[in-house]
Amino acid sequence: MSERIVISPTSRQEGHAELVMEVDDEGIVTKGRYFSITPVRGLEKIVTGKAPETAPVIVQRICGVCPIPHTLASVEAIDDSLDIEVPKAGRLLRELTLAAHHVNSHAIHQFLIAPDFVPENLMADAINSVSEIRKNAQYVVDMVAGEGIHPSDVRIGGMADNITELARKRLYARLKQLKPKLDEHVELMIGLIEDKGLPKGLGVHNQPTLASHQIYGDRTKFDLDRFTEVMPESWYDDPEIAKRACSTIPLYDGRNVEVGPRARMVEFQGFKERGVVAQHVARALEMKTALARAIEILDELDTSAPVRAEFDERGTGKLGVGAIEGPRGLDVHMAKVENGKIQFYSALVPTTWNIPTMGPATEGFHHEYGPHVIRAYDPCLSCATHVMVVDDEDRSVIKDEMVRL
């Protein structure tokens, strides 16, 4: 006889979500549904009607885990709306900021999954390694972008200031020194993950991947005409789940897609593996890619070059798109600036893409493996929440907390 198992909220991720699994008599998942139950904050509405420079400051607070991608996606969208050409040095500093953030964020994820994979005798070494990697990566963001959590120096038109030549040399030496430690850490984590003995095929799905760039992001690789979005009630076959879900379902070419480290590895490095183990391995390998790119940028950067363009903030009403490859996947912000104010703003965030995949990816396996699938995708639910729960008859808000800011 089928049994319903509900994990609410799921743990070891940012925000609140629910995993609902239908299991048979053997404990095997026959149907899985994973969805956000995080309250709506309405940040996209808050920035509407405000001056353009307000948006990056506010939307970077969508999430405490991904402030860097949201900041960059925001300024990229407004740059596009205002037809700004960011100077080369400014583009390099933005990419350096994101590359360092990738290293830091992936290290945080490995701290969160350590109880799943790291034996007790290696736990202290693994955690110390994560701490050292994070300290150095955050130092880069602090030096380049002004602050590691809410970067104040990422600006519309580029960056607030270039770094000094002395700072460039120090950062270069520091990251070169970090490389052996990071390489050792990555190999440790990959070995432990692959040796865990997770069932072959766990978390495997047949959905396509979507990525715009190996590390940074490229708006020209995201075609708005191929994007559609549906409401939860059109996606989930359970009315109660559809009513509780707080995120819309984005589709690309009419299909649910996977974004994130594995997607980037597939699209740009020929990575072939799929499933939970592949997700963790791809994330670990991407730390090496991001660190290598950060070192390349510091070697290339001209610290005497301009980093910010002049621009007219009045705008023409053009819809601007910012596409940034956040650690969890493609983060797309859209902005329209006219008469010096933001007339429209929308954020299409990584977890929104991945949420519809995570539940079904548990199907066919014992229910105890469901959380493994969720943690492999590293969801960030605060980012993904866009929908409020309202009564079907009188359209009143069913849950007051859904509209608190």
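Cysteine 66 touches His101 and Arg328, leaving aside residues up to four places away in sequence. In this predicted model, cysteine 66 sits in the loop between helix H2 (54-59) and helix H3 (67-81). Its relative accessible area is 6%, so cysteine 66 is buried.

The UniProt annotation "binding site", from an unreviewed entry, covers Cys66 and Cys383. These positions are spread over 318 residues of sequence, yet they cluster in space, with a largest C-alpha distance of 8.4 Å. Cysteine 383 belongs to helix H13 (residues 381-384), and with a relative accessible area of 4% cysteine 383 is buried. Again leaving aside residues up to four places away in sequence, cysteine 383 touches Arg41, Ile62, Cys63, His70 and Val349.

UniProt also lists Glu44 and His386 under "binding site", in an unreviewed entry. You will find glutamate 44 in helix H1 (residues 43-47). Is glutamate 44 buried or exposed? Its relative accessible area is 19%, and buried means under 20%, so glutamate 44 counts as buried.

Now move to helix H11 (residues 350-358), where threonine 352 is placed. Threonine 352 is buried, with a relative accessible area of 1%. Setting aside residues up to four places away in sequence, its contacts are Thr248, Pro250 and Ala384.

A pair of aromatic rings is described by the distance of the centres and the angle of the planes. The count of aromatic pairs comes to six. In one of them, phenylalanine 222 and tryptophan 353 have ring centres 6.4 Å apart and planes at 80°, so this pair is edge-to-face. The pair links distant parts of the chain, 131 residues apart: phenylalanine 222 lies in the loop between helix H6 (165-194) and strand E6 (227-230), while tryptophan 353 is in helix H11. Phenylalanine 222 and tryptophan 353 are both buried.

Tryptophan 353 has a pairing with tyrosine 252 as well: the ring centres are 6.5 Å apart and the planes stand at 75°, so this pair is edge-to-face too. Here the link runs from tyrosine 252 in strand E7 (residues 249-252) to tryptophan 353 in helix H11, 101 residues apart. Tyrosine 252 is buried, as is tryptophan 353. Together, Phe222, Phe227, Tyr252 and Trp353 form one aromatic cluster.

One last stop involves a charge and a ring. The charged end of arginine 174 sits over the ring of tyrosine 139, at 3.8 Å from the ring centre.

Notes. Residues numbered from 1 in each chain as written. Predicted model: local features only at pLDDT ≥ 70, side-chain atom pairs only at ≥ 80, totals over all residues. Heavy atoms only, no water. UniProt positions renumbered as here; feature names shortened; annotations may be inferred. Helix = DSSP H or I, 4+ residues; strand = E, 2+ residues; numbered from the N terminus. Buried < 20%, exposed > 50% of the residue type's maximum accessible area, 1.4 Å probe, protein only. Contact = heavy atoms within 4.5 Å. Phe/Tyr/Trp six-rings, centres within 6.5 Å; stacked < 30°, edge-to-face > 60°. Lys NZ or Arg CZ within 6 Å of the ring centre and 35° of its normal.
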